[in-house]
Amino acid sequence: MVPKINFYYTGLSEADQAHKTQAFPCMIHAEANPHSVKGLKIIIQTNDEKYFILFTNPNLPVIGQFALERMIQVAEDSGAGMVYTDFHEVKKDTRKVHPVNDYQTGSIRDDFDFGPLLLVNTEAAKKVFQENTKYEYAALYDLRLRISQQYPLIHLNEYLYTLEENDLRNSDEKMFAYVDPKNRAVQLEMEQACTEHLKTIGAYLPPVFENIDLSEGTFPVEASVIIPVRNRIRTVKDAIDSVLNQRTDFAFNLIIIDNHSTDGTTEAIAEKASKDKRIIHLIPQREDLGIGGCWNEGVQHSLCGRFAVQLDSDDVYSDENTLSHIVKAFYVQHCAMLVGSYRMCNFDLQTIPPGIIDHKEWTPENGRNNALRINGLGAPRAFFTPALRSIKVPNTSYGEDYALGLQFSRKWQIGRIYDVLYLCRRWDDNSDAALDITKLNANNAYKDKLRSIEIAARQNINC
(Lines give C-alpha, C1' and ligand atoms only; values in the text may rest on other atoms or scores of the structure.)
Protein backbone atom coordinates (compact mmCIF):
# COMPACT_ATOMS: atom_id res chain seq x y z
CA MET A 1 0.00 0.00 0.00
CA VAL A 2 1.34 3.43 -0.97
CA PRO A 3 1.86 5.52 2.18
CA LYS A 4 -0.39 8.50 2.68
CA ILE A 5 1.75 11.53 2.20
CA ASN A 6 1.09 15.13 1.28
CA PHE A 7 2.42 16.04 -2.14
CA TYR A 8 2.90 19.76 -2.77
CA TYR A 9 3.48 21.10 -6.24
CA THR A 10 3.58 24.39 -8.06
CA GLY A 11 3.06 25.41 -11.66
CA LEU A 12 1.91 22.07 -13.07
CA SER A 13 1.34 21.77 -16.79
CA GLU A 14 -2.28 21.73 -17.95
CA ALA A 15 -2.08 18.03 -18.77
CA ASP A 16 -0.84 17.15 -15.31
CA GLN A 17 -3.40 19.44 -13.64
CA ALA A 18 -6.09 17.35 -15.32
CA HIS A 19 -4.56 14.00 -14.42
CA LYS A 20 -2.96 14.58 -11.03
CA THR A 21 -5.56 12.54 -9.15
CA GLN A 22 -5.09 9.60 -11.48
CA ALA A 23 -1.31 9.95 -11.30
CA PHE A 24 -1.24 10.01 -7.48
CA PRO A 25 -4.43 8.37 -6.23
CA CYS A 26 -3.04 7.80 -2.74
CA MET A 27 -1.75 11.31 -2.15
CA ILE A 28 -3.24 14.61 -1.08
CA HIS A 29 -2.58 17.49 -3.47
CA ALA A 30 -2.22 21.11 -2.55
CA GLU A 31 -0.80 23.79 -4.81
CA ALA A 32 1.45 26.27 -3.05
CA ASN A 33 4.65 28.04 -4.05
CA PRO A 34 7.45 26.73 -1.78
CA HIS A 35 9.83 29.49 -2.91
CA SER A 36 7.81 32.20 -1.11
CA VAL A 37 7.42 32.42 2.65
CA LYS A 38 3.65 32.70 2.23
CA GLY A 39 3.45 29.49 0.20
CA LEU A 40 5.91 27.59 2.36
CA LYS A 41 4.03 28.59 5.50
CA ILE A 42 0.85 27.05 4.08
CA ILE A 43 2.69 23.83 3.28
CA ILE A 44 4.44 23.46 6.64
CA GLN A 45 1.70 24.60 9.00
CA THR A 46 -1.13 22.67 7.34
CA ASN A 47 0.78 19.43 6.90
CA ASP A 48 -0.43 16.65 9.18
CA GLU A 49 1.84 13.81 8.05
CA LYS A 50 5.33 12.95 9.32
CA TYR A 51 6.82 13.65 5.88
CA PHE A 52 5.76 15.61 2.86
CA ILE A 53 7.00 15.84 -0.72
CA LEU A 54 7.84 19.04 -2.56
CA PHE A 55 7.83 18.85 -6.34
CA THR A 56 9.23 21.82 -8.24
CA ASN A 57 8.86 20.83 -11.90
CA PRO A 58 5.80 21.65 -14.04
CA ASN A 59 5.62 18.00 -15.20
CA LEU A 60 4.57 15.36 -12.69
CA PRO A 61 6.96 12.42 -12.27
CA VAL A 62 6.28 8.73 -12.66
CA ILE A 63 7.05 7.29 -9.23
CA GLY A 64 9.06 4.07 -9.23
CA GLN A 65 8.21 0.80 -7.53
CA PHE A 66 8.03 1.29 -3.74
CA ALA A 67 9.94 4.57 -4.20
CA LEU A 68 8.09 6.51 -1.50
CA GLU A 69 8.38 3.64 0.97
CA ARG A 70 12.11 3.50 0.27
CA MET A 71 12.63 7.24 0.78
CA ILE A 72 10.66 7.20 4.03
CA GLN A 73 12.62 4.19 5.27
CA VAL A 74 15.91 5.99 4.61
CA ALA A 75 14.62 9.12 6.35
CA GLU A 76 13.62 7.04 9.37
CA ASP A 77 16.91 5.17 9.51
CA SER A 78 19.11 8.25 9.11
CA GLY A 79 17.12 10.91 10.93
CA ALA A 80 17.30 12.99 7.77
CA GLY A 81 15.74 16.39 7.44
CA MET A 82 15.49 15.84 3.69
CA VAL A 83 15.94 12.93 1.30
CA TYR A 84 16.47 13.25 -2.44
CA THR A 85 17.35 10.70 -5.12
CA ASP A 86 18.67 10.13 -8.60
CA PHE A 87 16.07 9.85 -11.34
CA HIS A 88 15.46 9.00 -14.98
CA GLU A 89 14.96 11.83 -17.40
CA VAL A 90 13.11 11.74 -20.71
CA LYS A 91 14.08 14.40 -23.25
CA LYS A 92 12.89 14.36 -26.84
CA ASP A 93 11.81 10.73 -26.42
CA THR A 94 15.30 9.81 -25.18
CA ARG A 95 15.54 8.23 -21.74
CA LYS A 96 18.68 8.98 -19.75
CA VAL A 97 19.83 8.67 -16.17
CA HIS A 98 20.14 11.85 -14.12
CA PRO A 99 22.38 11.25 -11.10
CA VAL A 100 22.79 14.04 -8.56
CA ASN A 101 25.55 14.86 -6.09
CA ASP A 102 25.93 14.13 -2.38
CA TYR A 103 25.23 17.12 -0.15
CA GLN A 104 28.17 18.46 1.83
CA THR A 105 28.93 21.54 3.93
CA GLY A 106 29.90 23.48 0.82
CA SER A 107 26.76 22.60 -1.16
CA ILE A 108 25.28 26.01 -0.44
CA ARG A 109 24.93 27.14 -4.05
CA ASP A 110 21.30 28.19 -4.41
CA ASP A 111 20.84 26.10 -7.57
CA PHE A 112 22.32 22.90 -6.15
CA ASP A 113 20.72 20.05 -8.10
CA PHE A 114 18.55 17.97 -5.75
CA GLY A 115 16.33 16.94 -8.61
CA PRO A 116 12.73 18.16 -8.55
CA LEU A 117 11.43 15.79 -5.85
CA LEU A 118 12.27 16.31 -2.17
CA LEU A 119 11.04 14.29 0.80
CA VAL A 120 10.96 16.66 3.79
CA ASN A 121 10.73 15.81 7.48
CA THR A 122 7.76 17.82 8.74
CA GLU A 123 9.06 18.17 12.29
CA ALA A 124 12.42 19.45 11.01
CA ALA A 125 10.74 21.94 8.68
CA LYS A 126 8.48 23.29 11.43
CA LYS A 127 11.41 23.56 13.84
CA VAL A 128 13.61 25.71 11.60
CA PHE A 129 11.07 27.61 9.46
CA GLN A 130 11.35 31.39 9.81
CA GLU A 131 7.96 32.84 8.93
CA ASN A 132 9.01 36.39 9.82
CA THR A 133 11.23 36.66 6.74
CA LYS A 134 9.86 38.43 3.66
CA TYR A 135 11.20 36.13 0.98
CA GLU A 136 9.28 35.95 -2.29
CA TYR A 137 11.89 33.73 -4.00
CA ALA A 138 14.36 32.35 -1.44
CA ALA A 139 12.11 30.64 1.11
CA LEU A 140 12.87 27.06 0.03
CA TYR A 141 16.59 27.85 -0.27
CA ASP A 142 16.52 29.35 3.22
CA LEU A 143 14.62 26.34 4.57
CA ARG A 144 17.06 23.74 3.27
CA LEU A 145 20.02 25.75 4.59
CA ARG A 146 18.40 25.89 8.02
CA ILE A 147 17.50 22.19 7.95
CA SER A 148 21.12 21.36 7.02
CA GLN A 149 22.33 23.14 10.16
CA GLN A 150 20.59 20.55 12.37
CA TYR A 151 19.77 17.50 10.23
CA PRO A 152 21.48 15.47 7.50
CA LEU A 153 20.38 15.97 3.90
CA ILE A 154 20.58 12.48 2.43
CA HIS A 155 21.22 11.68 -1.21
CA LEU A 156 19.92 8.20 -2.04
CA ASN A 157 21.85 6.84 -5.03
CA GLU A 158 18.86 5.09 -6.53
CA TYR A 159 16.75 6.01 -9.56
CA LEU A 160 13.33 6.24 -7.95
CA TYR A 161 11.27 8.25 -10.41
CA THR A 162 11.08 9.32 -14.05
CA LEU A 163 10.61 12.88 -15.26
CA GLU A 164 9.77 14.23 -18.68
CA GLU A 165 12.04 17.24 -18.97
CA ASN A 166 11.22 20.08 -21.35
CA ASP A 167 14.13 22.34 -20.39
CA LEU A 168 16.41 21.91 -23.40
CA ARG A 169 18.96 24.55 -22.44
CA ASN A 170 22.57 23.39 -22.39
CA SER A 171 24.75 23.51 -19.28
CA ASP A 172 26.14 26.94 -20.17
CA GLU A 173 22.71 28.54 -20.48
CA LYS A 174 21.55 27.06 -17.17
CA MET A 175 24.79 28.01 -15.41
CA PHE A 176 24.50 31.67 -16.32
CA ALA A 177 20.72 32.11 -16.00
CA TYR A 178 21.19 34.09 -12.80
CA VAL A 179 23.01 36.93 -14.60
CA ASP A 180 19.81 37.86 -16.45
CA PRO A 181 18.86 41.32 -15.07
CA LYS A 182 15.27 40.20 -14.51
CA ASN A 183 16.58 37.74 -11.89
CA ARG A 184 18.28 40.46 -9.82
CA ALA A 185 15.59 40.52 -7.12
CA VAL A 186 15.92 36.74 -6.79
CA GLN A 187 19.67 36.99 -6.38
CA LEU A 188 19.44 39.62 -3.65
CA GLU A 189 17.15 37.36 -1.61
CA MET A 190 19.41 34.37 -2.15
CA GLU A 191 22.38 36.43 -0.99
CA GLN A 192 20.53 37.43 2.17
CA ALA A 193 19.63 33.82 2.98
CA CYS A 194 23.18 32.62 2.33
CA THR A 195 24.70 35.39 4.46
CA GLU A 196 22.43 34.53 7.39
CA HIS A 197 23.41 30.87 7.02
CA LEU A 198 27.12 31.73 7.11
CA LYS A 199 26.59 33.83 10.23
CA THR A 200 24.76 30.96 11.93
CA ILE A 201 27.49 28.40 11.18
CA GLY A 202 30.32 30.79 12.09
CA ALA A 203 31.71 31.23 8.56
CA TYR A 204 30.72 34.85 7.90
CA LEU A 205 33.53 37.37 7.37
CA PRO A 206 32.93 41.12 7.84
CA PRO A 207 34.30 43.57 5.23
CA VAL A 208 37.63 44.02 6.99
CA PHE A 209 40.65 43.17 4.83
CA GLU A 210 44.41 42.89 5.15
CA ASN A 211 46.39 45.68 3.53
CA ILE A 212 48.36 44.88 0.39
CA ASP A 213 51.61 46.67 -0.55
CA LEU A 214 51.61 46.88 -4.34
CA SER A 215 55.13 48.36 -4.33
CA GLU A 216 56.57 45.17 -2.90
CA GLY A 217 59.38 43.53 -4.87
CA THR A 218 61.23 44.23 -8.11
CA PHE A 219 59.91 42.91 -11.43
CA PRO A 220 61.20 42.91 -15.02
CA VAL A 221 57.88 44.28 -16.33
CA GLU A 222 54.72 45.76 -14.84
CA ALA A 223 52.38 43.06 -16.14
CA SER A 224 52.52 39.58 -17.64
CA VAL A 225 49.67 38.00 -19.52
CA ILE A 226 49.54 34.26 -18.74
CA ILE A 227 48.17 31.87 -21.38
CA PRO A 228 48.16 28.11 -20.67
CA VAL A 229 47.56 26.20 -23.91
CA ARG A 230 47.31 22.69 -25.28
CA ASN A 231 46.23 21.93 -28.84
CA ARG A 232 44.52 25.19 -29.75
CA ILE A 233 45.89 25.78 -33.23
CA ARG A 234 42.57 27.30 -34.36
CA THR A 235 42.56 30.04 -31.72
CA VAL A 236 45.98 30.54 -30.15
CA LYS A 237 47.23 33.05 -32.72
CA ASP A 238 44.17 35.22 -32.12
CA ALA A 239 44.87 35.15 -28.39
CA ILE A 240 48.53 36.07 -28.89
CA ASP A 241 47.69 38.95 -31.24
CA SER A 242 45.11 40.20 -28.73
CA VAL A 243 47.93 40.60 -26.20
CA LEU A 244 50.55 42.05 -28.53
CA ASN A 245 48.07 44.69 -29.71
CA GLN A 246 47.65 46.12 -26.21
CA ARG A 247 48.49 49.82 -25.85
CA THR A 248 50.13 50.68 -22.53
CA ASP A 249 52.47 53.22 -20.97
CA PHE A 250 54.28 50.41 -19.12
CA ALA A 251 56.31 47.37 -20.13
CA PHE A 252 54.53 44.03 -20.36
CA ASN A 253 55.15 40.56 -21.71
CA LEU A 254 53.27 37.41 -22.61
CA ILE A 255 54.15 34.14 -20.91
CA ILE A 256 52.56 31.29 -22.82
CA ILE A 257 52.83 27.84 -21.29
CA ASP A 258 52.56 25.27 -24.07
CA ASN A 259 51.49 22.05 -22.35
CA HIS A 260 53.00 19.62 -24.89
CA SER A 261 50.73 20.44 -27.84
CA THR A 262 50.67 18.04 -30.79
CA ASP A 263 48.48 19.83 -33.35
CA GLY A 264 50.79 22.58 -34.60
CA THR A 265 50.22 24.93 -31.66
CA THR A 266 53.86 24.68 -30.57
CA GLU A 267 55.13 25.69 -34.02
CA ALA A 268 52.65 28.57 -34.26
CA ILE A 269 53.78 29.97 -30.90
CA ALA A 270 57.45 29.56 -31.80
CA GLU A 271 56.91 31.50 -35.03
CA LYS A 272 55.22 34.33 -33.16
CA ALA A 273 57.94 34.35 -30.49
CA SER A 274 60.68 34.60 -33.10
CA LYS A 275 59.19 37.92 -34.23
CA ASP A 276 58.42 39.52 -30.86
CA LYS A 277 60.69 39.37 -27.81
CA ARG A 278 57.76 40.07 -25.49
CA ILE A 279 56.65 36.46 -25.94
CA ILE A 280 58.13 33.92 -23.49
CA HIS A 281 57.34 30.45 -24.82
CA LEU A 282 57.55 27.82 -22.07
CA ILE A 283 57.22 24.06 -22.52
CA PRO A 284 57.08 22.46 -19.04
CA GLN A 285 59.38 19.60 -18.17
CA ARG A 286 56.52 18.01 -16.24
CA GLU A 287 53.80 16.15 -18.10
CA ASP A 288 51.25 16.06 -15.27
CA LEU A 289 50.14 19.68 -15.35
CA GLY A 290 46.60 20.93 -15.68
CA ILE A 291 45.68 24.54 -16.33
CA GLY A 292 46.50 25.47 -12.75
CA GLY A 293 49.90 23.82 -12.92
CA CYS A 294 50.68 25.72 -16.11
CA TRP A 295 49.73 28.93 -14.34
CA ASN A 296 52.24 28.10 -11.60
CA GLU A 297 54.94 27.65 -14.25
CA GLY A 298 54.23 31.13 -15.59
CA VAL A 299 53.76 32.96 -12.30
CA GLN A 300 56.87 31.47 -10.68
CA HIS A 301 59.00 32.33 -13.74
CA SER A 302 61.66 34.99 -13.19
CA LEU A 303 60.28 37.09 -16.06
CA CYS A 304 56.77 37.32 -14.61
CA GLY A 305 55.66 40.88 -14.00
CA ARG A 306 54.20 42.62 -10.96
CA PHE A 307 50.69 41.68 -12.07
CA ALA A 308 49.73 38.34 -13.67
CA VAL A 309 46.75 38.70 -16.00
CA GLN A 310 44.62 35.86 -17.37
CA LEU A 311 43.83 35.10 -20.98
CA ASP A 312 42.60 31.69 -22.12
CA SER A 313 43.88 30.32 -25.42
CA ASP A 314 40.33 30.28 -26.86
CA ASP A 315 39.61 33.91 -26.08
CA VAL A 316 40.65 37.50 -26.84
CA TYR A 317 40.64 40.83 -25.05
CA SER A 318 37.79 43.15 -26.03
CA ASP A 319 40.12 45.96 -27.23
CA GLU A 320 43.68 47.27 -27.04
CA ASN A 321 43.12 49.04 -23.69
CA THR A 322 42.24 46.02 -21.55
CA LEU A 323 45.66 45.57 -19.97
CA SER A 324 45.98 49.26 -19.11
CA HIS A 325 42.50 49.26 -17.62
CA ILE A 326 43.35 46.29 -15.39
CA VAL A 327 46.69 47.60 -14.11
CA LYS A 328 45.24 51.04 -13.36
CA ALA A 329 42.38 49.42 -11.41
CA PHE A 330 44.85 47.62 -9.12
CA TYR A 331 46.28 50.93 -7.93
CA VAL A 332 42.93 52.71 -7.72
CA GLN A 333 41.15 49.93 -5.83
CA HIS A 334 44.24 48.76 -3.93
CA CYS A 335 43.39 45.09 -4.27
CA ALA A 336 45.34 41.83 -4.48
CA MET A 337 43.10 40.28 -7.14
CA LEU A 338 40.92 41.86 -9.78
CA VAL A 339 38.04 40.46 -11.85
CA GLY A 340 36.57 41.98 -15.00
CA SER A 341 33.49 41.26 -17.09
CA TYR A 342 33.14 39.37 -20.35
CA ARG A 343 30.84 38.74 -23.27
CA MET A 344 29.89 35.24 -24.42
CA CYS A 345 30.62 34.68 -28.12
CA ASN A 346 30.64 31.95 -30.73
CA PHE A 347 33.79 31.02 -32.63
CA ASP A 348 33.38 34.05 -34.92
CA LEU A 349 33.09 36.36 -31.87
CA GLN A 350 29.39 37.00 -32.42
CA THR A 351 27.44 37.45 -29.17
CA ILE A 352 25.50 34.42 -27.95
CA PRO A 353 23.17 34.00 -24.94
CA PRO A 354 23.41 35.03 -22.18
CA GLY A 355 25.62 37.83 -23.54
CA ILE A 356 27.45 39.90 -20.95
CA ILE A 357 28.56 38.18 -17.74
CA ASP A 358 29.33 40.93 -15.24
CA HIS A 359 28.92 39.20 -11.86
CA LYS A 360 27.38 42.26 -10.26
CA GLU A 361 26.55 40.15 -7.23
CA TRP A 362 30.04 41.01 -6.02
CA THR A 363 30.13 43.96 -3.63
CA PRO A 364 32.98 45.25 -1.44
CA GLU A 365 30.71 44.86 1.59
CA ASN A 366 29.57 41.26 1.09
CA GLY A 367 31.29 39.83 -1.97
CA ARG A 368 33.61 37.60 0.05
CA ASN A 369 30.57 35.89 1.59
CA ASN A 370 28.38 35.86 -1.50
CA ALA A 371 31.27 34.20 -3.37
CA LEU A 372 30.40 31.01 -1.49
CA ARG A 373 26.89 30.99 -3.00
CA ILE A 374 27.83 31.32 -6.66
CA ASN A 375 29.84 29.03 -8.91
CA GLY A 376 32.41 31.48 -10.28
CA LEU A 377 33.73 35.01 -9.97
CA GLY A 378 34.12 36.13 -13.59
CA ALA A 379 36.90 36.96 -16.04
CA PRO A 380 39.43 38.12 -16.89
CA ARG A 381 41.15 37.56 -13.59
CA ALA A 382 44.37 39.27 -12.58
CA PHE A 383 46.60 38.92 -9.53
CA PHE A 384 49.28 40.78 -7.63
CA THR A 385 52.12 38.36 -8.32
CA PRO A 386 53.68 38.14 -4.82
CA ALA A 387 50.26 37.26 -3.38
CA LEU A 388 49.64 34.60 -6.01
CA ARG A 389 53.12 33.16 -5.57
CA SER A 390 52.42 32.78 -1.86
CA ILE A 391 49.17 30.87 -2.40
CA LYS A 392 49.93 28.73 -5.48
CA VAL A 393 47.34 27.63 -8.02
CA PRO A 394 45.66 24.21 -7.62
CA ASN A 395 46.93 21.87 -10.35
CA THR A 396 43.54 21.20 -11.92
CA SER A 397 41.92 22.11 -15.22
CA TYR A 398 38.60 23.17 -13.73
CA GLY A 399 37.78 25.36 -10.75
CA GLU A 400 41.34 26.48 -10.08
CA ASP A 401 40.29 30.10 -10.62
CA TYR A 402 37.37 29.77 -8.21
CA ALA A 403 39.64 28.22 -5.58
CA LEU A 404 41.94 31.23 -5.87
CA GLY A 405 39.06 33.66 -5.63
CA LEU A 406 37.85 32.09 -2.39
CA GLN A 407 41.34 32.10 -0.86
CA PHE A 408 42.10 35.67 -1.94
CA SER A 409 38.74 36.94 -0.67
CA ARG A 410 39.42 35.37 2.73
CA LYS A 411 42.33 37.77 3.21
CA TRP A 412 42.18 40.62 0.73
CA GLN A 413 39.73 42.79 -1.10
CA ILE A 414 39.00 41.70 -4.66
CA GLY A 415 38.68 44.56 -7.12
CA ARG A 416 36.04 44.66 -9.85
CA ILE A 417 35.75 46.14 -13.33
CA TYR A 418 32.24 45.93 -14.75
CA ASP A 419 33.20 46.99 -18.28
CA VAL A 420 33.53 44.16 -20.81
CA LEU A 421 37.25 43.39 -21.04
CA TYR A 422 37.14 39.94 -22.54
CA LEU A 423 35.44 37.97 -25.31
CA CYS A 424 34.82 34.40 -24.19
CA ARG A 425 34.40 31.90 -27.01
CA ARG A 426 32.12 28.89 -26.85
CA TRP A 427 32.67 26.33 -29.60
CA ASP A 428 32.73 22.57 -30.13
CA ASP A 429 36.30 22.06 -28.89
CA ASN A 430 35.96 24.39 -25.94
CA SER A 431 36.35 22.59 -22.61
CA ASP A 432 33.44 24.56 -21.11
CA ALA A 433 31.00 23.90 -23.93
CA ALA A 434 27.78 21.97 -23.19
CA LEU A 435 28.62 19.23 -20.67
CA ASP A 436 26.98 15.87 -20.03
CA ILE A 437 25.53 15.24 -16.58
CA THR A 438 28.48 13.12 -15.38
CA LYS A 439 31.05 15.82 -16.13
CA LEU A 440 28.79 18.56 -14.84
CA ASN A 441 28.30 16.68 -11.55
CA ALA A 442 32.05 16.13 -11.19
CA ASN A 443 32.72 19.84 -11.73
CA ASN A 444 30.05 20.89 -9.25
CA ALA A 445 31.18 18.36 -6.65
CA TYR A 446 34.72 19.77 -6.86
CA LYS A 447 33.48 23.32 -6.31
CA ASP A 448 31.31 22.11 -3.43
CA LYS A 449 34.47 20.62 -1.92
CA LEU A 450 36.30 23.93 -2.38
CA ARG A 451 33.46 25.68 -0.57
CA SER A 452 33.53 23.08 2.22
CA ILE A 453 37.23 23.69 2.72
CA GLU A 454 36.77 27.46 2.62
CA ILE A 455 33.89 27.37 5.11
CA ALA A 456 36.06 25.33 7.49
CA ALA A 457 38.90 27.84 7.09
CA ARG A 458 36.61 30.74 7.87
CA GLN A 459 35.12 28.96 10.85
CA ASN A 460 38.65 28.46 12.16
CA ILE A 461 39.33 32.19 11.74
CA ASN A 462 36.23 32.98 13.77
CA CYS A 463 36.98 30.54 16.59
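The legends below describe close-up views of a predicted model.

**View 1. The hairpin of strand 14 and strand 15.**
Strand 14 covers residues 337-345, and strand 15 covers residues 351-357. The two strands run antiparallel and are joined by 3 bridges. Arg343 has its bridge partner, Ile356, in strand 15. Between the strands of this hairpin there are 5 residues. In the hairpin, Leu349 takes a positive phi near 65°.

**View 2. Arg381 in strand 16.**
Strand 16 is made of residues 381-384, and Arg381 belongs to this strand. Arg381 has a relative accessibility of 11%. Because buried means under 20% relative accessible area, Arg381 counts as buried. Its side chain reaches the backbone oxygen of Gly378 at 2.7 Å. Apart from residues up to four places away in sequence, Arg381 touches Ala308, Val309 and Gln310, then Met337, Leu338 and Val339, and also Asp401.

**View 3. Leu143 in the largest nonpolar core.**
This core holds 131 residues. The members that touch the most other members are Leu119, Leu143, Val225 and Phe408. When neighbours within four places in sequence are left aside, Leu143 is in contact with Leu40, Ile44, Ala125, Val128 and Phe129.

**View 4. Cys194 in helix 7.**
Helix 7 spans residues 184-200 and includes Cys194. The relative accessible area of Cys194 is 1%, so this residue is buried. Cys194 and Ile108 are 86 residues apart along the chain, while their C-alpha atoms are separated by 7.5 Å. Ile108 is also among the residues in contact with Cys194, once neighbours within four places in sequence are set aside.

**View 5. Helix 14 and helix 15.**
Helix 14 is formed by residues 400-411, and helix 15 by residues 437-462. Their axes come within 10 Å and cross at roughly 10°. Angles under 35 degrees count as roughly parallel, and therefore helix 14 and helix 15 are roughly parallel to each other. On helix 14 the contact is made by Tyr402, Ala403, Leu406, Gln407, Ser409 and Arg410. On helix 15 the contact is made by Lys447, Leu450, Arg451, Glu454, Ala457, Arg458 and Ile461.

Definitions and conventions: Residues numbered from 1 in each chain as written. Predicted model: local features only at pLDDT ≥ 70, side-chain atom pairs only at ≥ 80, totals over all residues. Heavy atoms only, no water. Pairing = 2+ DSSP bridges. Helix = DSSP H or I, 4+ residues; strand = E, 2+ residues; numbered from the N terminus. Buried < 20%, exposed > 50% of the residue type's maximum accessible area, 1.4 Å probe, protein only. Polar contact = N/O pair within 3.5 Å; in protein donor to acceptor, adjacent residues only side chain to side chain. Contact = heavy atoms within 4.5 Å. Core = buried A, V, L, I, M, F, W, Y, C linked by side-chain atoms within 4.5 Å. Axes fitted to C-alpha atoms, helices over the stretch in contact; angles between N-to-C directions. Parallel < 35°, antiparallel > 145°, perpendicular 65-115°, else oblique.
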